[in-house]
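This briefing covers one protein chain and the surroundings of one of its ligands. Please look through the sequence and structure first, then read the notes grouped by topic.

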Amino acid sequence: MTLPTRWPAPAKLNLFLHINGRRADGYHELQTLFIFLDHGDWLSFAVDESDAIRLEPALPGVPLEQNLIYRAAALLKASQSRPLGVTITLDKRLPMGGGIGGGSSDAATTLVALNRLWDLKLDDETLAELGRQLGADVPVFVRGHAAFAEGVGEKLQPVTVPQKWYLVLVPPVHVSTAAIFTDPELPRDTPKYSWATLQEMDWKNDCQELVKKRHPEVANALSWLLEYAPSRMTGTGACVFAEFETESAARKVLANAPNWLQGFVAQGVNLSPLRSGLQPVCA
Ligand SMILES: C[C@](O)(CO)[C@H](O)COP(=O)(O)OP(=O)(O)OC[C@H]1O[C@@H](n2ccc(N)nc2=O)[C@H](O)[C@@H]1O
Ligand SMILES: Nc1ncnc2c1ncn2[C@@H]1O[C@H](COP(=O)(O)OP(=O)(O)OP(=O)(O)O)[C@@H](O)[C@H]1O
């Protein structure tokens, strides 16, 4: 098994997101379909004997102790008794607060990479459980397979869906996941369906109308994209996406985007680039 010199932290899309109810602890029962994109951040790890966790460069507005990369490394380190040190370098490409899971993916990549590089021998179950302590979306990135998720997002059923191309637009706004989930106007009453039924239904995102209302930038991006293809929001926004059969069809639409709209084109994949990069290499 060869280990990569830099580790991918891919984006995710929620192809649908249903909110089924709110639990007593404030967390929401949901049903969602996660796929990965072949596009994301990159992390490099230089392990040492220093017993310190260093991260560069700093993320604007995110103190070191709150950075999910630092928190993931610290959580792993706390489970061990020997000194463990690392300098982590982040090549940040994903928008923050975009609903494409950049912070969660960075955390998962840190757990998976340092488990190998510090030789901790923790199994995926343990890494996913550590990830859950960092955020609802971290376990699916640790597992690394497209999944139908239920519960508060922790019950994962691996699924295989057709691998399409996606144009993802990044509206110039940061949407707070916590703000959307605490908004009194969020609809929370979609019935729970079986995965078999969901596959036959038209897909929707229950957060979309509320986010459009609170953030006109999202409404504008979506109405522009809808002129070209069926489109939806991912997660709690802000990003919106449309699906295409080919890369060139997606790029053609992106080429028409006005200056105020940034975006990217990426392939949807069932196996996370984090996992596909860890396949044994045969000589
Ligand atoms: C909506 C999704 O983006 C779908 O992928 C995620 O479930 C959100 O995942 P995340 O960003 O990792 O979320 P966390 O960092 O765990 O929580 C952010 C905020 O969202 C709320 N939250 C999150 C997940 C959930 N099932 N119900 C919630 O109410 C939490 O109360 C918290 O205030
Ligand atoms: N390494 C990190 N990368 C991005 N954001 C981070 C990181 N560490 C902490 N954060 C914080 O987490 C917040 C949400 O980040 P993230 O980019 O994961 O949002 P998101 O794409 O909306 O995620 P989700 O879809 O899981 O809700 C950021 O605004 C930032 O304050």
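By class, the shell around ligand 2 is made up of six nonpolar, 12 polar and two charged residues. In this count Ala, Val, Leu, Ile, Met, Phe, Trp, Tyr, Cys and Pro are nonpolar, Asp, Glu, Lys and Arg are charged, and the others, Gly among them, are polar. This is a predicted model, in which local features need pLDDT of at least 70 and side-chain atom pairs count only at pLDDT 80 or more, while totals for chains, interfaces and linings use all residues. Residues are numbered from 1 along each chain as its sequence is written, and chains are lettered from A and ligands numbered from 1 in the order in which they are written.

**Ligand 2**
- There are 20 residues around ligand 2, and those that come nearest are Leu68, Gly102, Gly103, Asp106 and Gly235; a residue is near if its C-beta atom, placed from the backbone, lies within 6 Å of the molecule.
- Helix H1 (68–78) and helix H2 (102–117) each contribute at least two residues to this shell, and H2 has the largest share, with four residues.
- Helices (H or I, at least four residues) and strands (E, at least two) are DSSP runs, numbered from the N terminus.

**Overall fold**
- The protein chain contains 10 helices and 10 strands.
- Its radius of gyration is 19 Å, close to the 19 Å that the globule rule gives for 283 residues, so the chain is as compact as a globular protein of that length; the radius is taken over C-alpha atoms, and the rule is 2.2 Å times the number of residues to the power 0.38.
- Along its principal axes, the C-alpha trace spans about 55 × 45 × 40 Å.
- Residues 24 or more positions apart account for 71% of the contacts with a separation of 6 or more, where a contact means C-beta atoms, placed from the backbone, within 7 Å.

**Burial and core**
- Of the 283 residues, 40% count as buried; buried means 20 or more other C-beta atoms within 10 Å of the residue's own, exposed means 12 or fewer, and partly exposed lies in between, with C-beta atoms placed from the backbone.
- The largest nonpolar core has 71 residues, and those with the most contacts inside it are Ile69, Ala73, Leu111, Tyr166, Val168 and Val240; E2 gives the most to this core, with eight residues.
- Such a core is a set of buried Ala, Val, Leu, Ile, Met, Phe, Trp, Tyr and Cys residues joined through C-beta atoms within 7 Å.
- Leaving aside residues up to four places away in sequence, alanine 73 touches Ile53, Val86, Ile88, Thr110 and Leu114.

**Backbone exceptions**
- Most residues other than glycine have a negative phi, and most peptide bonds are trans.
- Glutamate 56 and proline 57 are joined by a cis peptide bond with omega about -10°, and proline 57 is in the loop between strand E3 (53–56) and H1.
- Another cis peptide bond, with omega about 10°, joins glycine 237 and alanine 238; alanine 238 is in the loop between strand E8 (231–233) and strand E9 (240–244).
- Aspartate 51, in the loop between strand E2 (28–48) and E3, has a positive phi of about 70° and counts as exposed, with 11 C-beta neighbours inside 10 Å.
- Lysine 121 has a positive phi of about 60°, lies in the loop between H2 and helix H3 (124–132), and is exposed, with 8 other C-beta atoms within 10 Å.

Conventions
Two residues are in contact if their C-beta atoms, placed from the backbone, lie within 7 Å.
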